[in-house]
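Trainee: Could you walk me through a structure today?
Mentor: Gladly, let's have a look together.

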Amino acid sequence: MFNFDALFTCLGATSCLVTQVTTGLIIGMLLFLVASGVTLIFGVLKVVNFAHGAFYMIGAYTAYSAYALFGNYYLAVLAGALSAAVIGILFENLMIRRVYKENLLMQLLVCYAFVLICDDAVKMIWGAEYLAMGIPAEFRVPPIRFAGGVVPPFYIFLVATSLLVAVICLLLITYSRFGKIVRAAAANATMVSVLGIRVPLYFAGLFGLGCALAGMAGALAAPVRSLTPGMGLSILIDSFIVTVIGGMGSIPGALLAALVLGLTRSFGSIGFPLFVDGAMFTMMVIILIFRPQGLLGERAVR
């Protein structure tokens, strides 16, 4: 169950350390993209989007088809993000908007129904068998050697892209007119509406942005993950752990928590392979007990 000797040996070898840190960063940054969408939607709309994993799956499958059609991975990633955004806006407009004021159970039932619909739709369109995109042709180049370790260029692209998206989202929500309006509407939607601003339109845009982040994560992960109906479930659970640990509504908190959990998964696969999930849930429980608002979240005012 535990193999701390192997873990300490890895920590003392630069080649193993580089490999595991790179793997942890990949896991963490993909988790962040999904969790940041959950965080944005909850932080403003106060909706816990349990269907978020479905948009991850939609982005992955759309990217798979777009890459097969056009042979361009960058276009495939864009297609994955856009498809998730469009379907997310429709989902918000047709379903979620009607349960904003309802209790959590009602929101959960609506989201779960949407997940089942998406899983069956994927089976009808792409089939139930496992699919694999493979590493895009643009990244089939020799790996970069660093400190005795091997770092595939595709991994560097994933980390850099995820970090860039993190910075853009933070700037968008903090400094842009769109971000200021949605934050004001979250505090007092009625007052913002009186000013002549179409609040539902901005809420739909924010929901679409959150879903686009999940779709982008699925598209980015498609070359290194197997595609199968229901693939969004595991990433959904991990993203909620990230959101709870980082702090509901905090994008920097989601980034910090995602990196911690990514490294935990990477090094835990060596030191405690049978307790990796247990370690993640243990961290979440500790945070809930001693700091319920999360690492960088704000304590609710009563």
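Trainee: Which helix gives the most to the nonpolar patch?
Mentor: First, some background: this is a predicted model, where local features need pLDDT of at least 70, side-chain atom pairs count only at pLDDT 80 or more, and totals for chains, interfaces and linings use all residues. Residues are numbered from 1 along each chain as its sequence is written, and side-chain values use heavy atoms, leaving out hydrogens and water. Now your answer: H1 gives the most, with three residues. Helices are DSSP runs (H or I, at least four residues), numbered from the N terminus.

Trainee: Which residues form the nonpolar patch?
Mentor: They are Phe2, Phe4, Phe8, Leu11, Leu17, Val21, Leu263 and Phe275, with about 670 Å² of accessible area together. A patch takes residues with over 30% relative accessible area and no salt bridge, and nonpolar side chains are joined within 5 Å. Areas come from the Shrake-Rupley method with a 1.4 Å probe, and a salt bridge is a side-chain nitrogen of Lys or Arg within 4 Å of a carboxyl oxygen of Asp or Glu. Phe8 lies in H1, and H1 (4-11) and H2 each supply at least two residues of the patch.

Trainee: How are two packed helices described?
Mentor: By the angle between their axes and the distance between the axes. Axes are lines fitted to C-alpha atoms over the stretch in contact, with angles from 0 to 180 degrees between N-to-C directions. Here H2 (residues 14-45) and H9 (residues 199-221) have axes that come within 8 Å and cross at roughly 170°. H2 and H9 are therefore roughly antiparallel (angles over 145 degrees).

Trainee: At what angle do H6 and H9 pack?
Mentor: H6 (residues 153-175) packs with H9 at about 175°, with the axes 11 Å apart, which makes H6 roughly antiparallel to H9.

Methods. Angles under 35 degrees count as roughly parallel, over 145 as roughly antiparallel, 65 to 115 as roughly perpendicular and the rest as oblique. Patches are made of residues with over 30% relative accessible area and no salt bridge: like charges are joined within 9 Å, nonpolar side chains (Val, Leu, Ile, Met, Phe, Trp, Tyr) within 5 Å.
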